[in-house]
Amino acid sequence: MAFVSSGYNPDKPMEGRISDIGPRLYKDFLPPVLEKNYGKWVSHEILEPGLLVHEAESGDKVYTVRVGSARLVSTEYIREACEVAKKYCDGYIRWTTRNNIEFMTTSLESAKALKADLNGRKFDKGSYKFPVGGTGASVSNIVHTQGWIHCHTPATDASGTVKVIMDELFEDFTNMRMPAIVRVAVACCLNMCGACHCSDLAVVGFHRKPPYVDHEYLDNLCEIPLAIASCPTGALKPGKTDLADGKKVNTILVNQERCMYCGNCYTMCPSLPLSDKEGDGVIIMVGGKVSNRISMPKFSKVAVAFIPNEPPRWPTLAKVCKKIISTYAAEANKYERLGDWAERIGWESFFEKCDLEFTHHLIDDFRDPAYFTWRQSTNFKF
Amino acid sequence: MAKHPTPLLDQLESGPWPSFVSDMKHAAEQRHKNPRGTNQQIPEGVIDDLLGLLEMSFEDGTTHWKHGGIVGVFGYGGGVIGRYCDQPDKFPGVAHFHTVRLNQPSGLYYKADYLEELCDLWDMRGSGMTNMHGSTGDIIWLGTTTPQLEEIFYELTHKHNQDLGGSGSNLRTPACCLGMSRCEYACIDAQDICHTFTNEYQDMLHRPQFPYKFKIKVDGCPNGCVCSIARSDFSIIGTWKDDIKIDQAAVKAYVGGEIAPNAGAHAGRDWGKFDIQKEVIDLCPTKCMSYEGGKLAIDTKNCYRCMHCINVMPKALRVGDERGASILVGAKAPILDGAQMSSLLVPFVPAEGSYDEIKEVLESIWDWWMEEGKNRERLGETLKRLGFQKVLEVTGIKPMAQHVKEPRTNPYIFWKEDEVPGGWTRDINDYRKLHQR
């Protein structure tokens, strides 16, 4: 179609330019009952899975229906969510930090109708558009990254792995039968844009082969010293190599033994790609949390060193996630997060109960903190 | 009829969880039908090609997006991320497929009319595919071409009063929990702090001037729903100093089984009758609580405000009245030097008015980090390399026992010269007067 100008004049980019205005003011988007009772809320209750009520000092109540959503959504999907919001919520709508959508209303009756309506909306192949749940002691929606849909460094897909894990754990999203909240995250490479490092269960895309070196182009595309400096293990050094045509070029030489496949060099230099069908896959990490409740925030630990990519439905990954979650659900005490449970029973028991093999990959050998994870005690379980 | 067959992706249409594949296919169809008569400025088949390219990734197990690309809008060094696919001949619709980040409103509330306006703009000038939201908090628009970038920015700023978010070595778009808008635990106005800081530091958000990315997140209470302690270089977390407020009658109602514990969060399973001793008193990490003679007592001096008792009995216990924020610094994911949590820097600061005290801490950290931080070094790594004492020094904060979990176990103390009487400049001849060679 013909180009349509917005009014922007490329010859005079500064003409009438507006910049640095920031985000829209959140107050303009608050439902009236929330604006009225801002800072005056006194308590809340989860009436049933996915349905919350919050009560204010004034006696006002607001009912919230929470639904799961993919993070990757089309404008068509957003428009449908808006249509629901207009029908039941005077056009107000909110997202949570875990990609859930929340619809708020001041009447319980309308909240129940809303819940039924949302649960009735499906895509034409049968999946829910707006499954109600994700509250209380449930497996809430997965926070995740882009994966193959839009990222240049992923070792796995994110939307695909999330879909299969949530299909597997769906009943635990729509019910509240966990010992405590379970936070799941997926990141498609070690950069962990999805912050997997503090989740109860985390899936992290992982490369296992040192980078290719595109000798022919490297010196023209990259600042060699910058790329070398970016390597955390000192695995890169400058060097020369002979191309097939006999031409000598400056390049980077990789000490493969030292490489930990973090991809930082690739971030600095496009001539050092890492991705590889056999090399790439995922790690499973467990037992992290960010809340200060009962125990301090803690990092996730690697429980499974590698699971290959098995698109489209990653059956091994889905099975292992299910096994870990169901073992935790059966064994942990009320209020006990996954990491607290593993610490209480001991990690040696965790591996046994979850049927996970303990291999050399799981013993930390990265810098000083590694030492503090080894056992300096005779207190262990057989 | 789909432009490219997607037998692998089709298998992600089954199962109960919302299928992004079904959504994309529907959106692709709607783009062809164009029911709203949108004047589409990028290829009509963009979503078909995106599906085709993703199917190819599912077949060969690798990404097909090229490394980066420098595009943006005039005067900004962030907010737009260049993206090009490595199979432009097969999938011309996504040959150029840049990301646009829109700065989200604090707390992620919207009015449907506003979202629909944004949808209209994105259907016209982009692919129609989005993330609601990206990991840092922005609305993410996936996929447009270079000539559309200035047009999108012009429309956002002129028609929708909406700015871009951060990317690159910038301040990243600050984020917060929903705070006081709907949560009784909020000790600080997380949304207002987030909005105020975002506007105050627009220059840092849009123009790269840091060694690497810098994230600010604001949690209303120690429950940490926006994960600031794990995910932000500068974490502002609401807290309080005085007594937890106790409604003894409501405590009795919990004990008597009239109110479900933990706001009903465990209703999906029979956990037996609520036992205040087992579920609250014994689980308190500081053992500062007791329940005797039908009365709950909390020893405030020994409470470290983990929130467990309040979470279990929200109708009986409320956070105290002397509220403010703790500031922690230096969290990040593993790249490069391993994952880090934020470390406590300011135990308590009032968080009202213009937040000048918080800004002062933030700005002195920036001044120092911009001077000392290496290229691509997060604040947490600079802290590790140069020591926590440095950040105390540059912020003028007095060291206190709260700053550590325990004192050091090695005696390798770096003294400052002026701490040692007489200083370090000495004459060897003075020494030799008493000690022969």
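Predicted model: local features only at pLDDT ≥ 70, side-chain atom pairs only at ≥ 80, totals over all residues.
S7 and S8 belong to an open sheet of five strands in chain A, with the order S7-S8-S9-S12-S13 and mixed pairing. I recorded strand S7 (143–144) and strand S13 (301–308) of chain A as the edge strands, since each pairs on one side only.

**Entry: chain A as a whole**

I counted the elements of chain A and found 11 helices and 13 strands. I took the extent of its C-alpha trace along the principal axes, which is about 80 × 75 × 40 Å. Of the 382 residues in chain A, 58% are buried. I also looked at the contacts in chain A with a separation of 6 or more: residues 24 or more positions apart account for 63% of them.

**Entry: A:Cys222**

I went to A:Cys222, which sits in the loop between helix H6 (215–221) and helix H7 (224–229) of chain A. Is A:Cys222 buried or exposed? With a relative accessible area of 8%, A:Cys222 falls under the 20% cut-off and is therefore buried. I listed its contacts, leaving aside neighbours within four places in sequence: they are A:Cys269, A:Pro270 and A:Ser271. I also took one distance from this residue. A:Thr251 is 29 residues from A:Cys222 in sequence, and the two are 9.5 Å apart in space, C-alpha to C-alpha.

**Entry: the sheet across the two chains**

I next looked for strand pairing between the chains. Strand S4 (residues 72–74) of chain A is joined by three bridges to strand S4 (residues 129–132) of chain B, and the two run antiparallel. By residue, I found A:Leu72 opposite B:Asn131 in S4(B), and A:Ser74 opposite B:Met129 in S4(B). I traced the whole sheet as an open one of five strands, in the order S4(A)-S4(B)-S5(B)-S2(B)-S1(B), with antiparallel pairing. Its edge strands are S4 of chain A and strand S1 (80–81) of chain B, each pairing on one side only.

**Entry: the interface of chains A and B**

I turned to the contact between the chains as a whole. It brings 140 residues of chain A into contact with 149 residues of chain B. The area buried between chain A and chain B comes to about 12,600 Å², and carbon and sulfur atoms give 59% of it. I noted which residues of chain A lose the most area to chain B: A:Arg79, A:Trp148 and A:His150, together 6% of what that side buries.

I looked at one of them, in which the side chains of A:Glu45 and B:Lys315 meet at 3.8 Å, N to O. I sorted the residues on the side of chain A that touches chain B into 73 nonpolar, 40 polar and 27 charged.

Notes. Residues numbered from 1 in each chain as written. Chains lettered and ligands numbered in written order. Heavy atoms only, no water. Contact = heavy atoms within 4.5 Å. Buried area = accessible area lost by both parts, 1.4 Å probe. Salt bridge = Lys/Arg side-chain N within 4 Å of Asp/Glu carboxyl O. Nonpolar A, V, L, I, M, F, W, Y, C, P; charged D, E, K, R; others polar. Pairing = 2+ DSSP bridges. Helix = DSSP H or I, 4+ residues; strand = E, 2+ residues; numbered from the N terminus. Buried < 20%, exposed > 50% of the residue type's maximum accessible area, 1.4 Å probe, protein only.
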